[in-house]
Amino acid sequence: MDNQRQRIKAIDELLIRILKERVEIGKELAQIKKAQGSGVEDKAQEEHVLGRIREYAEDQISEDCREEIEEVWRAIIDLTKSEMERHT
């Protein structure tokens, strides 16, 4: 059981690093959008991302968990947008 907990801990740390990188890229996008006179929010792009996640999840996640995965991804998108808005 300790081995599994250590593996989960390592994955959690990796997820945080990846989320940080995603937010940093979002901040870069915010600056580009600002220079172009665009707002941060792009519903079409958000739906594109969610569609891609749904497609990927079909092969990776049991059907019972797909709704929760989409909720997690919506939270990640919201986090990214919040940080983008703070840096524009």
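Which pattern does the chain follow when read along the sequence? In this predicted model, the chain follows the pattern α-α-α. Three helices and zero strands are present in the chain. The radius of gyration of the chain is 16 Å, well over the 12 Å that the globule rule gives for 88 residues, so the chain is more spread out than a compact globule. Taken along the principal axes, the box filled by the C-alpha atoms of the chain is roughly 50 × 25 × 15 Å. Of the 88 residues, 20% count as buried. Among contacts between residues at least 6 apart in sequence, 72% join residues at least 24 apart.

The packing of the helices is considered next. Two packed helices are described by the angle between their axes and the distance between the axes. Helix α1, which covers residues 2–36, packs with helix α3, which covers residues 66–86, at an angle of about 50°. The axes of α1 and α3 lie 8 Å apart. The two helices α1 and α3 are therefore oblique to each other, and their crossing is right-handed. On the side of α1, the residues in this contact are Leu19, Arg22, Val23, Gly26, Lys27, Leu29, Ala30 and Lys33. These residues meet Trp73, Ile76, Ile77, Leu79, Thr80, Glu83 and Met84 in α3. By class, the contact of α1 with α3 comprises nine nonpolar, two polar and four charged residues.

Helix α3 also packs with helix α2, which spans residues 43–60. The angle between α2 and α3 is about 145°, and their axes are 10 Å apart. In passing α3, helix α2 makes a right-handed crossing. The residues contributed by α2 are Lys43, Glu46, Glu47, Val49, Leu50, Ile53, Arg54, Ala57 and Glu58. Their counterparts in α3 are Arg66, Ile69, Glu70, Trp73, Arg74, Ile77 and Lys81. By class, seven nonpolar, no polar and nine charged residues make up the contact of α2 with α3.

Ile77 lies in helix α3. With a relative accessibility of 7%, under the 20% cut-off, Ile77 counts as buried. Residues up to four places away in sequence not being counted, Ile77 touches Arg22, Glu46, Val49 and Leu50. Arg22 belongs to the α1 residues that meet α3, whereas Glu46, Val49 and Leu50 belong to the α2 residues that meet α3. Ile77 itself is listed in the contact of α1 with α3 and in that of α2 with α3. The C-alpha atoms of Ile77 and Glu46 are separated by 7.4 Å, although these residues are 31 residues apart along the chain.

Val49 is placed in helix α2. Val49 counts as buried, at 7% relative accessibility. Not counting residues up to four places away in sequence, Val49 touches Arg22, Trp73 and Ile77. Among these partners, Arg22 is in α1 and Trp73 is in α3. Between the C-alpha atoms of Val49 and Lys20, which are 29 residues apart along the chain, the separation is 18 Å.

Glu47 also lies in helix α2. At 41% relative accessibility, Glu47 counts as partly exposed, whereas Val49 counts as buried. Beyond residues up to four places away in sequence, Glu47 touches Arg54 and Arg74. Of these partners, Arg54 is in α2 and Arg74 is in α3. Glu47 and Arg74 are 27 residues apart in sequence, and the C-alpha to C-alpha distance between them is 9.8 Å.

Arg7, in helix α1, has a relative accessibility of 52% and counts as exposed. The cut-off for an exposed residue is over 50%. Arg7 and Ala75 are 68 residues apart along the chain, and their C-alpha atoms are separated by 24 Å.

Conventions: Residues numbered from 1 in each chain as written. Predicted model: local features only at pLDDT ≥ 70, side-chain atom pairs only at ≥ 80, totals over all residues. Heavy atoms only, no water. Axes fitted to C-alpha atoms, helices over the stretch in contact; angles between N-to-C directions. Helix = DSSP H or I, 4+ residues; strand = E, 2+ residues; numbered from the N terminus. Parallel < 35°, antiparallel > 145°, perpendicular 65-115°, else oblique. Left-handed = near helix turned anticlockwise from the far one by under 90°. Contact = heavy atoms within 4.5 Å. Nonpolar A, V, L, I, M, F, W, Y, C, P; charged D, E, K, R; others polar. Rg over C-alpha atoms; globule rule 2.2 N^0.38 Å. Buried < 20%, exposed > 50% of the residue type's maximum accessible area, 1.4 Å probe, protein only.
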